Amino acid sequence: MATNVRNFRIALVPGDGIGPEVVPAAVQVLEAAGKRFGVSFEWKEFPWGCTYYTRHGRMMPEDGIASVRGFDAILLGAVGYPGVPDHVSLWGLLIPLRRELHQYVNLRPTRLLPGIRTPLAGRTAKDIDFVIVRENNEGEYSSIGGRAYGGTDDEFVVQESIFTRKGVDRIQRYAFELARKRRGHLTSATKSNGIAVTMPYWDERFAENGKRYPDVRTAQFHIDILAAHFVQKPDIFDVVVASNLFGDILSDLGAAIAGSIGLAPAGNINPEGQYPSMFEPVHGSAPDIAGQGLANPIGEIASGAMMLEHLGCPEAAAAIDAAIERVLAEGKCRTRDLGGGATTAEMTRAIEAIL
Ligand code: GGG
């Protein structure tokens, strides 16, 4: 046991569906890693989400953002449940947290782990190892727009995408920096043939920002063929930078080729550290299996490892990742999404036991 214990205050937002099942699993594993590496946690849970909505008519209290603002980080489960429209739940909780805490980078590592079968024939772990850098604060995720002539034959809706110079440059530069630390290759997701204003602008800034990084090799693909390349040649990718919507879609596809969306972690990062960053699995609330103890907790646990890395505890983070890899490589403990019968609790205990 280390002597200099570091303490972190973590806000827990389990949210909806399987969120309240996988967040405690991550806490259990983080506690175990903390004991080994001299890290302690002060957890505070915020019971926000769709159940809160049914009681209070909102997804979180008015001062919700202010109450998590002072924490070192936030660990979130999932958002959304039948009965509350998806756009209401997302725009009432996840999106305000990401935006008001200036978490403008959504980091989504995509890796085929040992012992996990990819649906792509003939591919192994060395072929699937890339990071998606998703713009997280603007782009196609926008509430600017409206409806006119409602209920008539002339009815129409308009929604504006927002691509600011500041927003595009900071996400692209973050991705260039990350590529520099990895294998030195960055792919940009575009659609500048069909989306004729914002995407040519995205491409123009990509070319301009790239001038600062002559050592990083670049590629650029329209999102449609880029999706096909994820399936047909995943080995060409190192870092992929994408707008908010493209990055979201690509990361579910990435998780699928890496064997299961239940395994995929993510970090909503405020790189400047002026606001807490927030960690959450890529998966959603999975109402179909909620409450049955069947959810794979690995996406949440691996998000917890990303949180530790972000907080400056790389050894503890690496130990959690190594424990996950060992359990998966051994192949004895498998949740339903991986073709097995293990429960959330059994998978959590297997990872904790290694730590
Ligand atoms: N684990 C977070 C979660 O519930 N994600 C579901 C989802 O649909 N998120 C939308 C997004 O990431 O933009």
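**A loop, a strand and the ligand site**

Author: Let's start in the loop between helix 7 (223-232) and strand 10 (239-242), where Ile-236 is found. You are looking at a predicted model, in which local features need pLDDT of at least 70 and side-chain atom pairs count only at pLDDT 80 or more, while totals for chains, interfaces and linings use all residues. Residues are numbered from 1 along each chain as its sequence is written, and side-chain values use heavy atoms, with hydrogens and water left out. Helices (H or I, at least four residues) and strands (E, at least two) are DSSP runs, numbered from the N terminus.

Ile-236 is partly exposed, because its relative accessible area is 33%; buried means under 20%, exposed over 50%, and partly exposed in between (1.4 Å probe, protein chains only). Its C-alpha atom is separated by 19 Å from that of Arg-117, 119 residues apart along the chain.

Now for the ligand. Of the 14 residues around it, Arg-134, Tyr-141, Glu-280, Pro-281 and His-283 come nearest; a residue is near if one of its heavy atoms lies within 4 Å. The side chain of Arg-134 has an N or O atom 2.8 Å from a ligand oxygen. On the nitrogen side, a polar side-chain atom of Glu-280 lies 3.1 Å from a ligand nitrogen atom, and a backbone N or O atom of Pro-281 is 2.7 Å from a nitrogen atom of the ligand. Taken alone, the ligand exposes 360 Å², and the protein buries 85% of that (Shrake-Rupley method, 1.4 Å probe).

Which elements build the shell? Strand 3 (73-78), helix 4 (86-100) and strand 12 (277-281) each supply at least two residues, and helix 4 gives the largest share, 3 residues.

Strand 4 (residues 105-111) is the place of Asn-106. With a relative accessible area of 0%, Asn-106 is buried. Its side chain makes a polar contact of 3.1 Å with that of Arg-108, and another of 3.2 Å joins it to the side chain of Asn-268. Such a contact is a pair of N or O atoms within 3.5 Å; within protein, one must be able to donate a hydrogen and the other to accept it, and residues adjacent in sequence count only if both atoms are side-chain atoms.

Lastly, the cysteines: Cys-50 is buried at 5% relative accessible area, and Cys-313 is buried at 6%. The structure holds 0 disulfides (cysteine sulfur pairs within 2.5 Å).
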